Structures are given as C-alpha cells and as structure tokens.
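Thank you for making time this morning. Please have a look at the sequence and the structure first, and then I will walk you through them piece by piece.

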Amino acid sequence: MLQDRYLKKLKELPEPVRQFGGLVTITVIIILSFAILNIFWGGGDELVRKMKLEEERIAQEKKLSKLISSLPSGILVTFEGTDDHRLSEEQYEAVCNATKIVSQRSVMGANLTNFKAKHIYTINGNDIKETFVKWDKEKNKCFAGFVLTGSNVGVNETITVSGEALSFFNTGIDTRVYFIRNF
Amino acid sequence: MELLKKYPKLFQWLFLLVIFFALCFAIDVPETYKFIRGQAEFVKDPNQSTYTLFGAEVRYYAFDTLWRLPPLLGWLPIWVNDSLFFLLNEWMPMEFWNEDLQEYRTRPLVLQITRNITASMTFLIELIREILLGGSKTVVAFTSWDWIDKNPWAELPGLPWTIVAAGAVILCYKLSGKGLAIFAGLVMIYISVFGQWKPSMQTLSFILVAAPLSFIFGLSLGIMAYKSKRIEKALYPLLLVMQTMPQYAVLVPAMVLFGIGDHAAVIITMVVAIPPMILLTLLGLRAVPSEVIEAGKMSGCNNWQLMTKVLIPTARRDILIGVNQVIMVCFSMAVIAAFIGAKGLGWNLLLALNQLNIGLALEAGLCISMIAILLDKMSLAWANKQEDYFGNLTFFQRYKNTLFFAGAVLIGVIFAYVGTFVFKGSFNYFSEIPHNKGLSFADFWNKGVDWIWDTFFQTLKIFNTWLITEVLQPMRALYLRMPAVATLVLVIGAGYIIGGIRSAFTVGGLALFIALSPWWDRALVTAYMATFGVIASCTIGLTVGTLCQQNKYTTKFMLAVCDIFQTFPSFVYLIPVMMLFGITDTSVLIAVIVYATIPATRYTIEGLRSVPPALHDAATMSGVTKFQRLINIEFPIAFPHMMLGVNQTIVFALFMVIIGAFIGTEDLGQYILKALSDKKGGGKGLILGICVAFIALIFDNLIRTWVEKRKKHLGID
C-alpha cells in the first residue's frame, strides 16, 4: 500500500525532475558497482608495496651492475700476492652482494677437502640443490656455499658446505664465486 | 525547481560534468601507474596478479578498479585464438580424397573447407591474371606441367596494353560519353608509360574476383534480409560492427584461417565489401513504392518474378551504387591486403613506404588513385545510365561498341606483332612496358622531398615540436588521467541524457567491453588522437563547407573535390604527410585531418543545401542579413544533417588513426599491426578491431539518437 503510494507520487513528478532523478540514480549505481568490484579485484595498496620493493631491487641491481662494469674482467681476489685484481674493502662487499652464482669450479674445489660432499656430489650426477652467497656483517667477510642432497649408499643425505669466498670471476656481465675456502 | 523545469538538459549536463570532474580530481593516479603498466600485457612480471578463466591465464596489474578496471575479458582473445586453432586442427576430422597422392587422407573439416576456398580463389585470380598478363598455371590446372612443356603454344599470352586501354575507352564512352572516355585513355596511358602495367593488372585481377563475388553475396544477403525480419535482425549488429571496424583488424583472423597471399586478400576484401552491398540492397528494396509491388502482384507475378522483374529493376540505382561502394572498398583494401601478401600496386606502395622512397610510393599511389577514380566514375555512370532499348536500330547501331572493340583487338594484336620486329632483341613495348622500363619521376619527387626538408626543416621542426609538446602530449596526458569510473559515468550519463535508458545501456555496454579488455589505455590514446583529428577536421570542414555553399559554382567544385578525395585509398594519404613531417605523430594527425575533413565538408554543404528555399525567402522578406540568416536559420536547421557528417568524420578519423600505426603510434592500431606478425595474433587482432569499432559505435549511437530527436523537434523528419 505504502509502496503504491510512493510509486504514484514518483509518477506524478514532472518529467524533467524524473529524468534528473534517473541520471542521479544511474550515476550512483555506476559508482557503487565500481566500489563493489574494488572489494574483489582492487589491489591498489598491495600493488604499490610490491612495485616499490621491485623498484628498490631494480635500483640496487643497477647500482651493483654499474660497479661490476667498472671492475676489470677476469679474476678478482681479496688477498695479496697474485697478479689478479685485488678488491678494496668496499668493492669486496659490493661484489659479494652482487654475486648470485657459485661456479662449478668453486664447488669442486670445496669438495676436495670434504670427502662426504665429494661422494654425494659425484654419485648423484653433480647435482647441486642450492647455492648461496652472503655478506657477514659481523665478520666483514663474504661467505658462499652450497647444499647437496642425494642418496648415499641407499640413504638420503643432505650436506651444506660453506666457507669464505676468497675470489670471484668477473665475466663483464655478472660475477661468480671463484674460490671458497672451507678449511 | 522552476529553472530545472525550464532548462532540464542544461542541468543534467552540468550535473554530469560536475560528477565527472569531481571523480577525476578525487581519484588520484596510483603511485605505480605508468602508461605501459596499464595494460594486461602478455608478458610476465612478478607484480602482476593473475586469474584463470575458460582455461586462459590472464595477468594484469591490480590497480584500484575506480582507476582502471581489471581486464576481466582478457581471456577472450586467448579463447578466440584457441578456438580457431581447435577448429582448424582438431574439430571433426574426416576422410578426404587427395588428388595429388591419389588416396584418402584425414583432415579436420574446417581446414579442408578453408583449403578448398583458398584453391578456388587462387584459381580464379590466376585465370584473370593470365588473361591480362599471360601465363600457364590455368592451363596446367586442367592438364599437367608435362603437357604444357610439350605444347608451349598452349601458354596463355597476355592481352597487349593497347587492347585493354581501347576496351576501357570504348566502355567509358558507352557509359558516359567523351569526357570519361578521354580520362580512361589518359589513365591507361599513364599506367603503361610509367611501367605500372603489371602491378596494376595484378591489383585489377584480385579486384575482378573480389568485387563480383562481394556483389553476389551482398545482393543475396540483402534480399534475404529484406524478405525475413529475423535475418535482418541477426545481420544488423554484424553490419554495424563491420562498418566501423578497421580493415586492418580483419586481416589477422583471416590470415589464421586462410594463410597469406592473393586468395586471402580476396576473402578479406569480400568480408569488408559485402556489408555496404547488403545495406544498399536493403535500402533500395525498401524504397520500392508499395504501388509498384502491388502492381507486380496484380499482374500475377510469383515471388521469384516479383523479385527479379519488379523489385530489383526498380531498386537498380541503389544496387548499382552498392556496386560502386564495393569497388571503392576493394581499392582501399588493395593496399591493406598487401600486408598479407597481395601482389600489385598496394604491395609496391607498401614496399616503397617501408624504404621511405616517397617518389616511388607517390607513383604507385597516384596509379591506385587514378584507377579508383576511373572505376568510381564508371560504376556511377552505369548506375545513372538508363537502359538501352534497341527497337528500330540497325545492326551497326546496335552493336557498334562491340564492333569497335573487335576492331581494337585486331589492331592491338597487329601492333603487338609489329612490335616484335620493331623492338627486336628488346622488350615489346607495344605489348607490355615492364615495371622497370617505364618512365619514372621517383628521383624528381625524392629530390623534391629532400629540398623541402633542407629548406623548411627548421620551420617544420618548430611546428612539429610545438604541436607535440604543447598540444598533443598534454591532451594525451589528460585522456590517460581519466579514471575508468569517471569515463564510464560520462559515457553512460551522456547516453541517458541524449537517448534515455536504452541508449545509456547500449553505450554503457560498448564502453564496458573496452574497459574490461586488456587495452583500455590504448583505447584512450586512440580516442585522444581521433578527438584531435575530429575537432580540427570539423572546424575546417564547417568553415570551408559554409564558405563554399555561398556560391553554386564553389559548391559544385568542392563537392567534386570531396568526390575525388573520397576515392583515394586511405593509405595514399600517408605519402604526402610523410614527405613533409617524417615519421611522427604529427604526420598521422595531419593525415587524419585531411582524410576526415572530407565528410565534414560534404555534410556541411549538403546540410546547408537541404534548408528549404522558402525559409530563405521568408528570412529575406523579414529583413535579416545574410549572416543573421546563416546563424539563426540555416545552421539550426542544417545542424542535424551536419552532425551526421561529424559521425562520419569520427569513423574516418578512427580508420586513419589505426592506419597511422604503420608510421608508429602507440594506440590500438599499433597492437593490431603487432598481432599481424604474431603467430597467435588472430584473437588479439579481432578483439582489438572490435574495441575500435565499439569506440566508433558509441559516438554513432549518441549522434544518431540526438539527430533523430532533433529532426523530430524541428519537424524535418
């Protein structure tokens, strides 16, 4: 009854007013629909956070790659007594942070002093599960290592080998750990 | 309240604009928004969100939906693509007889159908091409390569250019008289002397296949639509979309189905040329007076007789105008089809443009334009020609044109034979002037371009830089700054104010489709370029049209200019602008303005002409000046008609913006061009084309609805 009365009142309104009301209603409906969609699909804040992180990472990477390109190609060492380029303290930290790859050569070198690691590495087809390069702030040194997993005489074993990264190899595009001292 | 009742529309528009700008200011540009990131590109980025629908994974940047809607239709191009692949390679495998292998082979049905269509098209094109240029493939189709090796006399010789030229002259004389015959002769001589004979005949060969087939299909579908409301209703949305869809976009899916080459070009040309033929057939049949139909029925005609003896002959003129449109579309497609390997003038033009050899491009472009103008005039003359009746005529009077042509063939053959002696050891110029042996002014034009660059470089550069930095970039930024919700409110609100709730739903649906596609930002860039072009074109068109309409000679002259410009294939417009402005957005926009000014000028003139002379007299008698009459009487009455011109201007501008992608814009056209070279671009190309068509249809709907209402209001419906 009440509904009918309101509908009747609405119909009795002048045409321009009704049209204006229609426009207002449509506008409200559109804005509300967008707001509802935003609940399900909008990811504004999350996207901003992710993209800021990504932008920081890209900026850091650019800085490091600039540094790498300023270093000579070839072997970079942290100690005296060779013909290779010796890294300064600052460069050492930067190269450590920029390095992502632990070379096969350094893995095999480290295995020479770790019989078990060498055994697992060999019988599992030179499979390396994981590698890492980290800068130790306390010791002010770069540590690199790798994780080997595989069956050792029927038993599944995991071994982590790590040590100080004493030298790196600069390819001109990236740097790789060249020698790990794990003794 | 009283004011609201007095000026209801004004208040509605004000309210809409206030809401639009309030939304624009209230919704900030997201910190992470960059133009390129606005797209749900098909490249991987760890920051993208994903969703999977109908087996398609869509990646996108999850902005606030008020700013940009998520591409909820992003699966559509992938799905279209997968469906095309499924249809072509997996659906309904059947056994088909393989003529070459002489055994049954299993092939999917659609693949077999497309291959059969391809083979028939190729055969038809080869047949006509060999009649015009000579060859052996058609004979081989009925015999074998071994047979033709043993019987070299069976190889078809090409028709000497003199015979084709004489044929064209005689036909033009029959259709329209001396003027057109002389023009035809000049065009043929130009084509031949400038070494464009072979590419011209190659273009003509695929048009001679595409045009008649389009005519047959268009006429049949038009008749079916006239007979059945259901068919008409089913065809209507397709026709609307096809009329506003850029021709580029059709290339991509057709390429997936039919491959590349002349045959694919014919099929695509047909797809584009059939809709105007259907519409004009329908228009013609609808215009047949009911008295004529009743007279036919009373004479005892059955349905077939009524159609063939009464309806079609009465609607002859409209149907023949349809033929004219078909031919024009075929020519405009000649260049676009070159993108998928159609040989001929279009291919040469495209190559020349790619090499930035403006001189060569100009020669090929001029050639296409001249043939287009000739065929346009010929088909219009045919449409306007009254049927010949041969009572009381002598044999010679009845068949004089045929006899003249037979004579021309004889003389042409003799000439070609004499040529073998005259040009012994060289090319027989009486038979065909080879492409690289004709005259060429390409160097002259290229030097002209260099001179223009040397002389006006600074001026052009200053203009170019000013236009880009001061006008175009801010305008582009403004368009991209519009949040999706504000744009949708504006479009739907405009629809509601102009045409009520129905119109609001229609334009809203079209805009929502684009907003939910992965290319909203690109669509905004397309809209900005088209808007700039439309504003400039309308300003020029309105001014020129109004000025020319003041005098009957200038009116006639301007309409003739519009006619000629309208027959130029759209690609040709790029040549002079590239000459002057190089490869920049300015070039595209100037081409857009030139191309889109034609309908703006034409409709302004026609609109002003449609004002009844009685009103002129009444105004003059009331003592108004010419200027007052123009502003207070002629413009308000002609305005609805002029708005139809604006509608056409928008469609023309959008077409040219899309073609401008060839120069290097960053709008939807660029993506269509990219889809052309993408193996999986079929779906993308089609959806992109639909997006462009929908932009045009939004404006079309708004303008047409307004025009109808306005005409009713003015009582000129």
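Predicted model: local features only at pLDDT ≥ 70, side-chain atom pairs only at ≥ 80, totals over all residues.

Let me begin with the contact between the two chains, which takes 29 residues from chain B and 23 residues from chain A, where two residues count as in contact if their C-beta atoms, placed from the backbone, lie within 7 Å. On the side of chain B that touches chain A, the helices α1 (2-6), α2 (8-26) and α20 (484-516) each supply at least two residues, and the largest share, eight residues, comes from α20(B). Sorted by class, that side of chain B has 20 nonpolar, six polar and three charged residues; here Ala, Val, Leu, Ile, Met, Phe, Trp, Tyr, Cys and Pro count as nonpolar, Asp, Glu, Lys and Arg as charged, and the others, Gly among them, as polar.

Residues are numbered from 1 along each chain as its sequence is written, and chains are lettered from A and ligands numbered from 1 in the order in which they are written.

Turning to chain B as a whole, there are 28 helices and six strands, these being DSSP runs numbered from the N terminus, with helices (H or I) of at least four residues and strands (E) of at least two. How does the radius of gyration of chain B stand against that of a compact globule? With 717 residues such a globule would have a radius near 27 Å, and chain B has 28 Å, which agrees; the radius is taken over C-alpha atoms, and the globule rule is 2.2 Å times the number of residues to the power 0.38. Along the principal axes, the C-alpha atoms of chain B fill a box of roughly 90 × 75 × 70 Å.

The domain assignment, whose bounds come from an automatic or database source, gives chain B domain 1 (93-144), domain 2 (161-387 + 398-444) and domain 3 (459-481 + 519-714). The centres of domain 1 and domain 3 of chain B, taken over C-alpha atoms, are separated by 44 Å.

Of the 717 residues of chain B, 46% count as buried, meaning that 20 or more other C-beta atoms lie within 10 Å of a residue's own, with C-beta atoms placed from the backbone (12 or fewer is exposed, and in between is partly exposed). In helix α16 (residues 345-354) of chain B, eight of the 10 residues are buried, so this helix is largely enclosed by the rest of the structure. Among the buried residues of α16(B) are Trp347(B) and Asn348(B), and what covers the buried residues includes α9 (197-227), α15 (316-336), α17 (358-384) and α23 (574-581) of chain B. Just after α16(B), Leu356(B) takes a positive phi of about 55°.

Chain A is assigned domain 1 (2-42) and domain 2 (75-181), with C-alpha centres that lie 68 Å apart. In chain A, strand β4 (residues 130-136) runs antiparallel to strand β5 (residues 141-152), joined by seven bridges, where pairing requires that DSSP finds at least two bridges between two strands. Within this pair, Trp135(A) stands opposite Cys142(A), and Val133(A) has Ala144(A) as its bridge partner. β5(A) also pairs with strand β6 (residues 155-170) of chain A, in the antiparallel sense over 10 bridges, and there Gly145(A) stands opposite Ser162(A).
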